[in-house]
Amino acid sequence: MSSSKQRKQRIVESAERLFGDTVLDLEAPGGDGRSSYRLVFADRSVIATLRPNFRRTHVEAYTLRQIRRFSSDLPECLGVDDEILFQSDVGGKRLNIEIAKVSRSKRVSLAHDAIASIFRIQSAGRRAKLEESLPHLGQNKTWVDSFVGSTSVLGPYSSGQSANMDVVDLCENISYPGKQFVKWDCRSGNAAIGGDDKLRWFDCEYAGARHGAEDFAWLIGDEAWPLQPDVMEELVADCFDKETGHSLDAYLDYLALYTSFHCLQRFKLIVNEAKKRGWLSKTQVRKYDDVGVHPEFAAHLCRIGQYFADRNAVTRPLARDFEEAEAVFVGILRNGQDELPQDHRRRPRMARAAGVQMAHTGPA
């Protein structure tokens, strides 16, 4: 028997013991390579998750149980059998796919729901005092140095102005003690709309504590998310929870700073995967919640990075590099190129011209 079949058999046997019912079907919504499966019973479906990391499974179960005391914006933990977590099924309509299907006005409404629910989840985390029991994320100096110091990845796509930024100062500004619960990994593929039309988030294996704005950076800096950065910033301001302990202006400043470098990490993922696998279709990216390995997604991500980096004086050189990099991907789209530049240098004037042309578009 293959390891995949053994894995599935183990999950089914565990579920039938726990729920005292027969599993009629087992589905793999994200593909067989993912950790979660949908188990179909006669009267309901549940999600079973078997992660390779035992500790993350129990962090997730603990988080779900604590948040559920105050919010229904995450799944309900239905039980844990050794390494297998069972949770309620929040629906088959993944946000990353649904957002691409609807009109612009509906997109804004869905984005509003997504942001408001993150604020509610964080509020529930504060009430449960999860910042006292969960790991504090991004506190390691090596992690911060790597997060801020990856500007060289833009070198082949720009004139490299960000290489001269004050990295020490930026690391100090990015570092933040774990005072606020964060779900982490709030990409749009980690939310779904249920039969009750309620949007819920899932996948809490990396939950912890930090500033709080990081959750919104994950959503805004999702290269396949089709809303423009200024619209998303306005929605965050509209939904802002004053109980975060920050003023709105200070919160948006930190959101801009963090999102600038989060986009840099996503950029690095995209170009690395593109070099390994070539470009993917947008449909495939969304279906499997994959890295946005498509030049239109890459251009959109650069536009997000440029917008937020331009908000803070210290990151404006990074904004210029993102702007120039966007023009490279616009050129790839226009000319039908397959290969990424190896040692490309784009003059700023040319980059700005192409950037203006794409200013109001987003990934469809």
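Trainee: Is the crossing of α4 and α8 left-handed or right-handed?
Mentor: The crossing of α4 and α8 is right-handed. A crossing counts as right-handed if the near helix is turned clockwise from the far one by less than a right angle, and as left-handed if it is turned anticlockwise. Helices here are DSSP runs of H or I with at least four residues, strands are runs of E with at least two, and both are numbered from the N terminus.

Trainee: What kind of model is this?
Mentor: This is a predicted model, where local features need pLDDT of at least 70 and side-chain atom pairs count only at pLDDT 80 or more, while totals for chains, interfaces and linings use all residues. Residues are numbered from 1 along each chain as its sequence is written, and side-chain values use heavy atoms, with hydrogens and water left out.

Trainee: Back to the helices. At what angle do α4 and α8 pack?
Mentor: About 45 degrees, with the axes of α4 and α8 9 Å apart. Axes are lines fitted to C-alpha atoms, for helices over the stretch in contact, and angles run from 0 to 180 degrees between N-to-C directions. α4 is therefore oblique to α8. Under 35 degrees counts as roughly parallel, over 145 as roughly antiparallel, 65 to 115 as roughly perpendicular, and the rest as oblique.

Trainee: Which residues of α8 make the contact?
Mentor: V231, M232, L235, V236 and C239 of α8 do, against R104, V108, A111, H112, I115, A116 and F119 of α4. Contact means heavy atoms within 4.5 Å.

Trainee: Take C239. Which residues does C239 touch?
Mentor: H112, I115, A116 and F119, if residues up to four places away in sequence are not counted. C239 is buried, with a relative accessible area of 13%. Buried means under 20% relative accessible area, exposed over 50%, and partly exposed in between, with a 1.4 Å probe and protein chains only.

Trainee: Why does A124 count as buried?
Mentor: Because its relative accessibility is 2%. A124 is in helix α4, and its contacts beyond four places in sequence are I67, F70 and S71.

Trainee: How many residues does α2 have?
Mentor: α2 has 15, residues 54–68, and reaches 22 Å from its first C-alpha to its last, close to the 21 Å expected at 1.5 Å a residue. The expected span is 1.5 Å times one less than the number of residues. At the start of α2, a side-chain oxygen of N53 comes to within 3.0 Å of the backbone nitrogen of R55.

Trainee: Different topic. Where is Q180?
Mentor: Q180 is in strand β7. At 3% relative accessibility, Q180 is buried. Its side chain makes a polar contact with the side chain of R126, at 3.0 Å. A polar contact is a pair of N or O atoms within 3.5 Å; within protein, one must be able to donate a hydrogen and the other to accept it, and residues adjacent in sequence count only if both atoms are side-chain atoms.

Trainee: And D185, where is that one found?
Mentor: D185 is in the loop between β7 (180–182) and β8 (191–193). Its phi is near 50 degrees, a positive value in a residue other than glycine, and D185 is buried at 9% relative accessible area.

Trainee: What about the phi of D203?
Mentor: D203 has a positive phi too, about 70 degrees, although D203 is not a glycine. D203 lies in the loop between β9 (199–201) and β10 (208–210) and is buried, with a relative accessible area of 16%.

Trainee: Last one. At what angle do α11 and α12 pack?
Mentor: About 160 degrees, with the axes of α11 (residues 295–309) and α12 (residues 316–335) 8 Å apart. That makes α11 roughly antiparallel to α12. Their crossing is left-handed.
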